[in-house]
Each structure stands twice: as structure tokens, then as C-alpha cells.
Amino acid sequence: MGSVTDALPKEHMKKYLKALKAKKGFTLVEIMAVVALIAILFVIFIPRIGFAANKTKMTGVQVDMHSYQTALETTAMEHGGFKTAMVGADDSAKVAALGAAINSNLDKSLQVTVAGTAASPTVTPSADHKDPWGNAYVIAFAPATDTITVTSWGPDGKTGADDLVMTCLYNGTCKTTTTGFSVDMK
């Protein structure tokens with residue numbers, strides 16, 4: 001069996017070959033136009049994809065904050081504040097009592113460790129519980145104002161405008177804020 005060119009008469013063969021030679025591909029201008037169009041699409045859509053991912057992670061932080069909020073509100077209401085949850089004969093017993101009071105209202109994956117003195121306790125979240133960006137939550141208890149703050153440093157892992165901070169007062173009122181964004185989680 002012969003090729004396609006064997007079946008064509010000579011005059012058609014010349015036209016066929018001439019047509020093949022004339023079709024050489026895309027011009028440089030056409031290729032540049034396609035590359036420019038693809039670049040424009042990347043510039044438009046890539047930031048939106050990143051924003052959507054961060055928005056999803058922010059929602060994850062809000063879910064964690066809501067869990068902490070529920071535990072801290074319950075602790076504050078059960079004990080009349082955070083300082084009053086610190087019962088015991090000495091500093092270590094008072095600090096341990098605060099940790100036990102908070103943990104009794106937290107899921108096991110969110111458990112905290114409370115150490116230090118009654119005047120300056122430190123609250124540390126579970127080492128394997130991190131925000132969606134892989135940063136540890138920062139939990140601070142201020143005995144002077146009887147408030148506890150829970151902070152996620154956001155995508156950059158540093159203090160700044162992308163932080164999500166929840167402050168819980170002794171009366172069980174909690175508010176979550178970040179620069180340019182505020183939501184009551186009640």
C-alpha cells in the first residue's frame with residue numbers, strides 16, 4: 001500500500017506540497033499575544049486563590065477561638081472570674097486550679113498548661129495544637145485586669161495587622177478582633 005502522495009496526480013501533488021510548505025506555524029506576534037494573555041490571567045487569579053486560602057484558614061482560627069471562648073466563658077461564669085478560679089493553699093496550687101478549671105471546659109486537643117505564680121501565671125496551649133498556618137497560639141492571663149487573651153499571629157507568624165486576638169473578661173464576655181476586622185463571637 002502506498003503513501004498518500006502516491007495516490008495523487010502530479011499536479012495535485014505540487015499543490016499539496018506547496019500548501020504544506022506554506023503552513024509553517026504561528027508568527028512571533030501570535031505567540032507573544034498568547035503569552036501576554038496567560039500572564040494577565042495569572043496576575044488576576046493567583047492573588048484571589050491565595051486570598052481564598054487565607055480566608056479559609058481565618059475561618060479555622062475562628063473555630064478554634066470559639067472553642068477557647070466557650071471554655072473561658074464557662075470557667076469565668078462557674079468561678080466568678082479567672083482569679084477566683086485560682087483556689088489553693090499556695091501559688092502552685094492556685095495556678096494548677098486555674099489550669100484545671102479551664103481544661104475541664106476544653107476539648108482534649110485544646111488543653112492548656114498553666115505555670116508560674118498566681119501573680120504572673122503563664123498559659124501555654126498544647127504543643128501539637130497550632131493555628132492553620134502552623135504557628136502556636138499565644139495565651140496570656142493578666143491577673144490585674146482578670147482577662148485572658150488568645151492570639152493567632154496570622155499567616156506571617158508575627159505580630160501585625162493580620163493577627164486574630166480574642167480577649168475574654170472576668171465576666172465571661174469575649175470579643176475577637178484583628179486590624180480592620182471585628183466580630184463578636186456571641
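## Questions about a predicted model

Biologist: Which residues form the nonpolar patch on the surface, with about 460 Å² of accessible area together?

Modeller: A patch takes residues with over 30% relative accessible area and no salt bridge, joining like charges within 9 Å and nonpolar side chains (Val, Leu, Ile, Met, Phe, Trp, Tyr) within 5 Å. A salt bridge here is a side-chain nitrogen of Lys or Arg within 4 Å of a carboxyl oxygen of Asp or Glu. Areas follow Shrake-Rupley with a 1.4 Å probe, and for residues only the protein chains shown count as cover. The patch on the surface is formed by Leu-37, Ile-40, Leu-41, Ile-44 and Phe-45.

Biologist: Happy to start there! What pLDDT do local features need in this predicted model?

Modeller: Residues are numbered from 1 along each chain as its sequence is written, and side-chain values use heavy atoms, without hydrogens and water. In this predicted model, totals for chains, interfaces and linings use all residues, side-chain atom pairs count only at pLDDT 80 or more, and local features need pLDDT of at least 70.

Biologist: In what order do the elements of the chain run from the N terminus on?

Modeller: Elements are DSSP runs numbered from the N terminus: helices (H or I) of at least four residues and strands (E) of at least two. The chain has three helices and seven strands. From the N terminus on, the order is α-α-α-β-β-β-β-β-β-β.

Biologist: Now for the inside: which elements give two or more residues to the lining of the largest cavity?

Modeller: A cavity is a set of points on a 1 Å grid over the protein atoms alone where a 1.4 Å probe fits but cannot get out, and lining residues have an atom within 4 Å of a point. The largest cavity is lined by Tyr-68, Leu-72, Ile-102, Val-112, Val-123, Ile-139, Ile-148 and Val-150. Two or more of the lining residues come from each of H2 and strand S4 (147-152).

Biologist: What volume does the largest cavity have?

Modeller: Grid points are joined across faces, edges and corners, and the volume is the space filled by probe spheres set on the points. The largest cavity has a volume of about 30 Å³.

Biologist: And how far apart in space are Pro-132 and Val-61, C-alpha to C-alpha?

Modeller: Pro-132 sits in the loop between strand S2 (121-125) and S3. With a relative accessible area of 32%, Pro-132 is partly exposed. Pro-132 and Val-61 are 71 residues apart in sequence, yet their C-alpha to C-alpha distance in space is 6.8 Å.

Biologist: One last one: what is the phi of Asp-146 near?

Modeller: Asp-146 is in the loop between strand S3 (138-142) and S4, and Asp-146 counts as buried because its relative accessibility is 8%. Most residues other than glycine have a negative phi. Asp-146 has a positive phi, near 55°.

Note on methods
1 Å grid on protein atoms, 1.4 Å probe; cavity = no way out; pocket = protein on both sides within 12 Å on 5 of 7 lines; lining within 4 Å. Buried < 20%, exposed > 50% of the residue type's maximum accessible area, 1.4 Å probe, protein only.
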